[in-house]
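These are my notebook entries on one structure. I looked things up by topic and wrote them down in that order.

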Amino acid sequence: MNGIDMTVNRLPARTWNWLKVNEVRLADVRIEGACPVSLTISGNGVRSTRLSDGDAWERIATGMGLDMDALLEKTTVGLLTSEAGGGEDGLAVVEYMAGADGYLGNRLYLHAEKDSELNVVVLYRATVHPSTGLAALQTKVHVESGAKVRLYMAQILPDGMTSLNDIGVDCEAGASFELIRLELGAGKAYAGCEVDLKGTSSGFQAGIGYAGRPNQKLDMNYTVRHRGKKTESLMEVTGVLANETKKLFRGTIDFLPGCGGAKGTETEDVLLLGDRVVNQTVPLILCAEEDVEGNHGATIGRLDETTLFYLESRGIPKEEAEQMMARAKTDALCAQIPSKKVRDQIQAFLCGAGR
C-alpha cells in the first residue's frame, strides 16, 4: 500500500506549541503485510478465533489515535476471549515476529466476558536484525462487568526498526484492567494507551517501564478517562535514559462529568545516565467533576552519590553500578510476566544477545 502521513499521540488538551509536545507527526508510513504470530494457550477458559464484529473494534479509542486505525484497517483482527468459570490459570502467550526489512502490522482484540479473567502475554520481537523496517501493533480490550484483564506486553525490536504499539480499553461496571508494559527496543518507539473507565467502580492499574537505547527516540502517550462513579486509576512509570536518548512521556488523567468519587494517580521516576539525553515529561490532570481526587508527579535525576559510593566501596566500578541500578528498574516489571520463556527472551535482549 502507499504510505500515509500520520499524527499520533495527541495530548487531550493542547499546551504551548513551542514546547512541541502536543502530538507527533510521522510521514509516509506504510504496511506491506503482517508479522507471523505464535500463540500458546495454557490452562482453561481462553478461546482464540478472529473478530467478525467490526463495530466492537471501532467503538474503542486508543492512545495513538485514529490514524493507527486507518493504517491497520485492512489487517485481520485476532481475537482472544475468556468466559466466566474458566478459572484463573488460563494464559495466552502471543509472539509477533518481525522479519527482514519488512513493514508489518497486526491487530489483536481481547474480550473478557462477564465475571471472567483473561491473562495475556504479548511479545513483539524480530527473528533477524534488519537495518530498517517497521512493526505496528494495535490492541483493543473490552472488559465486561465484573471481569478482569491482565495484559503483559514487551517490545524488544532491534535498533534498525520503528515500533508503533497502540492500546485501547473500555471497562464496564466493576471491571478492571491491569497492564505491565516494557518498551525496551527499536530505534524509534511510539507507544500509546487509552483506558475508558465507563462503569461504576471500574479500575485501571499500570506498571510501565522503558530503557533508553543509544540515540533512541521514545514517544509515549497514556490517557485514562474516568466516566463512571468511584472509578480508580494508578499509572506508575519508571525508566532510564542514557547515550543521547530522546524521550517524551504524556500521562493524562481525565475526570469527566458524572465520575463523582473517582481517584486517579500518575507518577514517573526517570533515571538519567549521562549528560546528552533529552527528557520531556507531561503530567496532565483534566477535571470537569468536583468530587474527585487526582495526583501526579515526576522524579527526575541522576543516581544518588551515596548509593554509588556504597557500591564502589565494594569493588563495583561506577559504570557497572549504573547499569545494575538501571536494570533493576526493568527487572522488577519483567519478573511479573507469567511466562518464563518471554522473561528469558527479555533478559537476553537486555544483556545484548538480542540486539
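Which residue in β18 does Ser233 stand opposite? I found Gly264 there. The model is predicted, and I kept local features only at pLDDT of at least 70 and side-chain atom pairs only at pLDDT 80 or more, while totals for chains, interfaces and linings use all residues. Residues are numbered from 1 along each chain as its sequence is written, and side-chain values use heavy atoms, with hydrogens and water left out.

**Parallel strands**

I looked up the partners of β18 (residues 262-273). Strand β16 (residues 232-242) pairs with β18 in the parallel sense over 11 bridges. Helices (H or I, at least four residues) and strands (E, at least two) are DSSP runs, numbered from the N terminus; two strands pair if DSSP finds at least two bridges between them. I then took strand β20 (residues 292-301), which runs parallel to β18 and is joined to β18 by 10 bridges. In that pairing Glu266 stands opposite His296 of β20.

**His226**

I placed His226 in strand β15 (residues 217-226). Is His226 buried or exposed? His226 counts as buried because its relative accessibility is 0%; the cut-offs are under 20% relative accessible area for buried, over 50% for exposed and partly exposed in between (1.4 Å probe, protein chains only). I listed its contacts (heavy atoms within 4.5 Å). Not counting residues up to four places away in sequence, His226 touches, among others, Ser233, Ile253, Phe255, Cys259 and Gly264.

Leu179 sits in strand β12 (residues 176-183) and counts as buried, at 1% relative accessibility. With neighbours within four places in sequence left aside, its contacts include Leu151, Ile167, Cys193, Phe204 and Tyr222. I also checked Met235, which is 56 residues from Leu179 in sequence and 9.2 Å from Leu179 in space, C-alpha to C-alpha.

Leu157 is in the loop between β10 (148-155) and β11 (162-171). Leu157 counts as buried, at 0% relative accessibility. Leaving aside neighbours within four places in sequence, I noted contacts of Leu157 that include Ala98, Tyr124, Ala135, Arg213 and Phe349. From Leu157 to Leu284 I read 127 residues in sequence and 30 Å in space, C-alpha to C-alpha.

**Helix α5**

Gly352 follows α5 and has a positive phi, near 105°.

**Aromatic rings**

How many aromatic pairs does the structure hold? I found four. One of them is Trp57 with Tyr109, a tilted pair at 6.3 Å centre to centre and 45° between the planes. It links distant parts of the chain, with Trp57 in helix α1 (residues 54-58) and Tyr109 in strand β7 (residues 103-112), 52 residues apart. Rings of Phe, Tyr and Trp (its six-membered ring) pair if their centres lie within 6.5 Å; planes under 30 degrees apart count as stacked, over 60 as edge-to-face and the rest as tilted. Trp57 and Tyr109 are both buried.

I next looked for charges over rings (NZ of Lys or CZ of Arg within 6 Å of the ring centre and within 35 degrees of the ring normal). Arg107 lies over the face of Trp57, at 5.1 Å from the ring centre. Arg30 lies over the face of Tyr103, at 4.1 Å from the ring centre.

**Cysteines**

I searched the whole structure for disulfides (pairs of cysteine sulfur atoms within 2.5 Å) and found zero. Cys171 is buried, with a relative accessible area of 1%. Cys351 is in no disulfide either, with the nearest cysteine sulfur, that of Cys334, 10 Å away. Cys351 counts as exposed, at 60% relative accessibility.

**Positive phi in one loop**

Asn9 is in the loop between β1 (4-8) and β2 (24-29), and Lys20 is in the loop between β1 and β2. Asn9 is not a glycine but has a positive phi of about 55°. For Lys20, also not a glycine, I noted a positive phi of about 60°. Asn9 counts as buried, at 0% relative accessibility, whereas Lys20 is exposed, with a relative accessible area of 68%.
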